[in-house]
Amino acid sequence: MAKRPHIGQLFIRFPVICRRRVFSLMLCCIIAQVTHQELFLAKSSHARPVANPLAPHDHSHCVDDALSRARELCDARHVQLTPLREKVLQIVWRSHRPIGAYQVLDELSDSHKSARPPTVYRALDFLMAEGLIHKIESLNAYLGCAEAGAPHSGQFLICRSCGTTQEIFDKTLETALDAAAKRASFVGEHKVVEISGLCQDCAA
Ligand SMILES: [Zn+2]
Ligand SMILES: [Zn+2]
Ligand SMILES: [Zn+2]
């Protein structure tokens, strides 16, 4: 019988080969990405987490903040946030639920009729490389980064019922993962924690 994820279930995996060994530490389902740490630029006054996705809020502010932060970061890095890339970012930020590439393509087709899957994947790759979005590996879907430009690994609480996904920033957890890898003489390169369960609304 397939095991269903439940609250508190956590798997952790470092998918990096070390001395021809793959070390994995399983607790939910994860994989990782710390690429935007390397791309980090000085944190400006605009860098701030968006509202708790579970709290009632005007989501248009989240989208506006994410887009203006993206423009600022791309300007500072001298990389181009083209209209298409910006549109893809806006689509990913349409809600606090991860979105799959083909759904992005569907929504993009309204404004960019010639868009094809490679167009979308290239834009998503750019946005990930710049630390503006994260890939949620367990869902094969994408989520806007709540603190673009700040150095952090990805830590996510994913509601398996409504899909709402909250990015959290727990330094203690990150330190513990680093220490666990170090004890195993493992050189971690990417780390992401994806915890699936039920959000407070769905658990109520
Ligand atoms: Zn929002
Ligand atoms: Zn993030
Ligand atoms: Zn939920």
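The buried residues of helix 2 are Asp 65, Ala 66, Arg 69, Ala 70 and Leu 73. Here a residue is buried if 20 or more other C-beta atoms lie within 10 Å of its own, exposed if 12 or fewer, and partly exposed in between, with C-beta atoms placed from the backbone. An α-helix has 3.6 residues a turn, so residues three or four places apart point the same way. On the other side of helix 2, Ser 60, His 61, Ser 68 and Asp 75 are exposed.

A word on conventions before going on. This is a predicted model, in which local features need pLDDT of at least 70, side-chain atom pairs count only at pLDDT 80 or more, and totals for chains, interfaces and linings use all residues. Residues are numbered from 1 along each chain as its sequence is written, while chains are lettered from A and ligands numbered from 1 in the order in which they are written.

The protein chain holds seven helices and eight strands, taken as DSSP runs numbered from the N terminus (helices are H or I with at least four residues, strands E with at least two). Of its 204 residues, 34% count as buried.

What do the buried residues of helix 2 pack against? Their partners are helix 3 (83-92) and strand 5 (141-144), where contact means that the C-beta atoms of two residues, placed from the backbone, lie within 7 Å. Leu 73, one of the buried residues of helix 2, has 23 other C-beta atoms within 10 Å. Leu 73 and Leu 132 are 59 residues apart in sequence, yet 9.1 Å apart in space, C-alpha to C-alpha. Just after helix 2, His 78 takes a positive phi of about 55 degrees.

Now to the helix pairs. Axes are lines fitted to C-alpha atoms, for helices over the stretch in contact, and angles run from 0 to 180 degrees between N-to-C directions.

| Helix pair | Axes come within | Crossing angle |
|---|---|---|
| Helix 2 and helix 3 | 10 Å | roughly 150 degrees |
| Helix 3 and helix 4 (residues 101-108) | 10 Å | roughly 115 degrees |

The contact of helix 2 with helix 3 is made by Val 63, Ala 66, Leu 67 and Ala 70 of helix 2 and Glu 86, Leu 89 and Gln 90 of helix 3. For helix 3 with helix 4, the contact involves Lys 87, Val 88, Ile 91 and Val 92 of helix 3 and Val 104, Glu 107 and Leu 108 of helix 4.

Helix 5 comes next. In helix 5, Val 120, Ala 123, Leu 124, Phe 126 and Leu 127 are buried. Seen down the axis of helix 5, these buried residues fall within an arc of 160 degrees, so they line one face of the helix. Pro 117, Pro 118 and Asp 125 are exposed on the other side of helix 5. The buried residues of helix 5 pack against helix 3, helix 4, strand 4 (133-136) and strand 5.

Leu 124 lies in helix 5 (residues 117-129) and counts as buried because it has 21 C-beta neighbours inside 10 Å. Not counting residues up to four places away in sequence, Leu 124 touches Val 88, Ala 101, Ile 133 and Tyr 142. Leu 124 and Leu 89 are 8.0 Å apart in space, C-alpha to C-alpha, and 35 residues apart in sequence. Helix 5 is followed by Gly 131, whose phi is positive, near 70 degrees.

Definitions and conventions:
Arc of directions from axis to C-beta.
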